[in-house]
Amino acid sequence: MAGERPVTLQGIAERLGLHVSTVSRVLNGRDGGSARAASGDTARRIRELADELGYRPNPLAAGLRTRRSNLIGVLVPRLSEIVMATIYEGAEEAAAAHGLSAFVTNTHDDPALQRERIAMVLARHVDGLVIGDAHLDGAALDLPALRGTPFVLVNRRTDAGHPSVTCDDRLGGRLVAEHLLAQGHRSVGVVAGQPFASTGADRTAGFVERYREAGLPVPAARVVHSTFDTAGGRRAAHQLLSAPGDRPTALFAVNDFAAIGAAGAARDLGLRLGRDLALAGYNDTPLVAELPVPLTSVHSPMTDQGRRAVDLLLRRIAGEDVRSEVLAPRLVARESTGRPVGPPLP
């Protein structure tokens, strides 16, 4: 009701005849700290009275005591992208499990905007950052203000060795190549994504590497870069499927949405997926199994990437030395890659 005084730690302590520090350690302690702050019976009495009175911790006051904001900033290209949205869900879930709050901001893969958004996030005195931007050439990550703030990369990596949590995208590309080689596909093309993104570059590299090992090097003209969306995938696939000479019998798109665009290009050209053209994507987003021709795709542990990135970040915040983590992909074969077109290739 209006005019009621807020419930305080001091008030709870006075009603129970305890020192306020004992009450504070029980109600604001982490993990097993409350068990060490008071006996089991005393801790139970404190919690029961706090619940009865409607006590709520004051996060601002807690932050002043610990010099922590209990905030984590997450930078992604676009939260509208299902991959990054799923990764963020995992990050937010892990943050909440540790009593922290996460907030997200979009960079639109624009280096200037990335630097601006990093500065904005740091101005909120976050305890750390999880960065999933594709443009990670080092410039933004070398901002002076960022040097004193722990950060972890997610779904992206750099050659500079910053801690990251990624799927083993190179292996994922190899898995697609293994599948298409087993189907007998000699003539293949790649919708390769944006060249500055480590995800697309690693997936393409793994795929091309495996075909080269089989004695079937993929010509440079058969690797076409595109944006990670349906429009980009459609344009790139049109280029690959309409070029003079032998048309590829199979395409690998390094992102599911680019693969859906490639399916549109195949339709435009009168090609039937799984019969006239084999098509594989990447990430195994939920919708691809429900397409008219279900899409073969590499399953990437997106939610786990978000969770593990926050766990790694918290260890950095605590002062630990951490190593990058690489999570395992797996191929999910569906109708879009159809039946073998020839004997398995080496």
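Me: Which element gives the most to the lining of the second largest pocket?
Reply: That's α6, with three residues. Keep in mind that this is a predicted model.

Me: Which elements give two or more residues to that lining?
Reply: α6 (82-97) and α9 (198-213). The lining has 19 residues, and Arg 78, Glu 81, Phe 228, Asp 229 and Asn 255 lie nearest the pocket's centre.

Me: What's the volume of the second largest pocket?
Reply: About 380 Å³.

Me: And how does its lining split by class?
Reply: Eight polar, six charged and five nonpolar residues.

Me: OK, on to the sheet. What's the strand order?
Reply: β7-β6-β8-β9-β10-β12, an open sheet of six strands with mixed pairing. The edge strands are β7 (223-224) and β12, each pairing on one side only.

Me: Which helix packs on the sheet?
Reply: Helix α8, residues 169-182. α8 touches β8 (250-253), β9, β10 and β12, and its direction makes about 160° with that of β9.

Me: Back to the mixed pairing: do β9 and β10 pair in the parallel or antiparallel sense?
Reply: Parallel, over four bridges between β9 (278-283) and β10 (296-299). Gly 281 stands opposite Ser 297 there.

Me: How many bridges join β10 to β12?
Reply: Three, and those two strands run antiparallel.

Me: Which residue stands opposite Arg 330 in β12?
Reply: His 299.

Methods: Residues numbered from 1 in each chain as written. Predicted model: local features only at pLDDT ≥ 70, side-chain atom pairs only at ≥ 80, totals over all residues. Heavy atoms only, no water. 1 Å grid on protein atoms, 1.4 Å probe; cavity = no way out; pocket = protein on both sides within 12 Å on 5 of 7 lines; lining within 4 Å. Points joined across faces, edges and corners; volume = space filled by probe spheres on them. Nonpolar A, V, L, I, M, F, W, Y, C, P; charged D, E, K, R; others polar. Pairing = 2+ DSSP bridges. Contact = heavy atoms within 4.5 Å. Axes fitted to C-alpha atoms, helices over the stretch in contact; angles between N-to-C directions.
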